[in-house]
Amino acid sequence: GGALLHMRCCAHILNLIVKDGLSEVKESVMGIRNAVKYVRSSGTRLQSFQLRVLTGKVSRGSLSLDCITRWNSTYLMLSAALKFRIAFEKLKAEDMLYNEYFKEAEENGQKRVGPPTSEGWDEVQRLVKFLKIFFGCTLAFSASKTVTSTICYNEIVIIERNLIALSNSKDDVLRIQAREMRNKFEKYWDGLVNMNPLVIIASVFDPRNKMQFASICFDKLYGKNSVESGHLRTSIRALIKQLYEEYVSKLSTPSQGDSLSNISGNGESEVGNMYD
């Protein structure tokens, strides 16, 4: 139950952050969506587009339209359209019918948004770098047959690591956006330092990970030998010891006196094994 709640919480936080990101470049996304709609709407339009594609075969299927309520599909639509950015920009420069299409009004009477501008493409290209990280995480959640807190924790580490990498980008705007996104992510999560340590312990109990994996994660996030990394390592070890002692005391009832010596005899090495 707790793991499922945690996973839902994780997915919910990703949705909040993505929605924020998409709303900031709303006009650019709408422009690209309309441009994709135009190309997909008829064979003639697709042919006109095809003539301007330098390499690669394009079908209507490879330019997907999104389901607006699902950001995953918006990400797929934008990343597919970005591959053909040059072709779209050539349409804008050369095709009168394409430009006319954007002068038409929508069904609600408002002017159709678009065509995408060079700045609009740049904006979306930056956003897609972030969406790609989150998209990978939602795939990990849905691919998992069992709901575990460990998966969630691993994904949080991946997100943090990627956001830290983008925070050091040479692109000034991307760097600022990554730092803002990271602040938002940490605010929603209340930081990994304050995260429920039982989630991390669930990862340590996984024999594929043990403490070694958690240590690597702490070092990668906060830097080797950093104060935060040391703090997390110490507190997790202390909590595991505490849990172990509680486990031993629960088993140390008079009726189980005989088996207790076996437990306490092997126990320390069992705790030791997790740190390997």
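## Accessibility and the model

A residue counts as buried under 20% relative accessible area, as exposed over 50%, and as partly exposed in between. Lys184 has 23% relative accessibility, so it counts as partly exposed. The model discussed here is predicted.

## The Asp20 and Lys184 salt bridge

Lys184 pairs with Asp20. Their side chains form a salt bridge, 3.4 Å from N to O. Lys184 belongs to helix H9 (residues 172-189) and Asp20 to helix H1, so the bridge ties together parts that are 164 residues apart in sequence. Helix H1 covers residues 2-24.

Asp20 is also partly exposed, because its relative accessible area is 26%. Its C-alpha lies 9.6 Å from that of Met181, although 161 residues separate Asp20 and Met181 in sequence.

## Other salt bridges

The whole structure holds 13 salt bridges. One of them joins Glu106 and Arg112, at 3.4 Å from N to O. Glu106 is partly exposed, with a relative accessible area of 27%. Arg112 has a relative accessible area of 9% and is therefore buried.

Another joins Glu245 and Lys241, at 2.9 Å from N to O. Both residues sit in helix H12 (residues 227-251). They are 4 residues apart, about one turn of the helix. Glu245 is partly exposed at 43% relative accessibility. Lys241 is partly exposed too, with a relative accessible area of 44%.

## Helix H2

Helix H2 (residues 26-40) has 15 residues. At 1.5 Å a residue, H2 should span 21 Å, and its end C-alpha atoms are 21 Å apart, so the two values agree. Buried residues of H2 include Val29, Ile32, Arg33 and Val36. Those four residues also meet helix H4.

## H2 against H4

Two packed helices are described by the angle between their axes and the distance between the axes. For H2 and H4 (residues 71-83), the angle is about 70° and the axes are 10 Å apart. Angles of 65 to 115 degrees count as roughly perpendicular, so H2 and H4 are roughly perpendicular to each other.

On the H4 side, the contact residues are Thr74, Met77, Leu78 and Ala81. By class, the contact has 6 nonpolar, 1 polar and 1 charged residues.

Thr74 of helix H4 is buried, with a relative accessible area of 3%. Beyond its neighbours within four places in sequence, Thr74 contacts Leu22, Val29, Arg33, Asp66 and Cys67.

Notes: Residues are numbered from 1 along each chain as its sequence is written. This is a predicted model: local features need pLDDT of at least 70, side-chain atom pairs count only at pLDDT 80 or more; totals for chains, interfaces and linings use all residues. Side-chain values use heavy atoms; hydrogens and water are left out. Helices (H or I, at least four residues) and strands (E, at least two) are DSSP runs, numbered from the N terminus. The expected span of a helix is 1.5 Å times one less than its number of residues. Buried means under 20% relative accessible area, exposed over 50%, partly exposed in between (1.4 Å probe, protein chains only). Axes are lines fitted to C-alpha atoms, for helices over the stretch in contact, and angles run from 0 to 180 degrees between N-to-C directions. Angles under 35 degrees count as roughly parallel, over 145 as roughly antiparallel, 65 to 115 as roughly perpendicular and the rest as oblique. Contact means heavy atoms within 4.5 Å. Ala, Val, Leu, Ile, Met, Phe, Trp, Tyr, Cys and Pro count as nonpolar, Asp, Glu, Lys and Arg as charged, and the others, Gly among them, as polar. A salt bridge is a side-chain nitrogen of Lys or Arg within 4 Å of a carboxyl oxygen of Asp or Glu.
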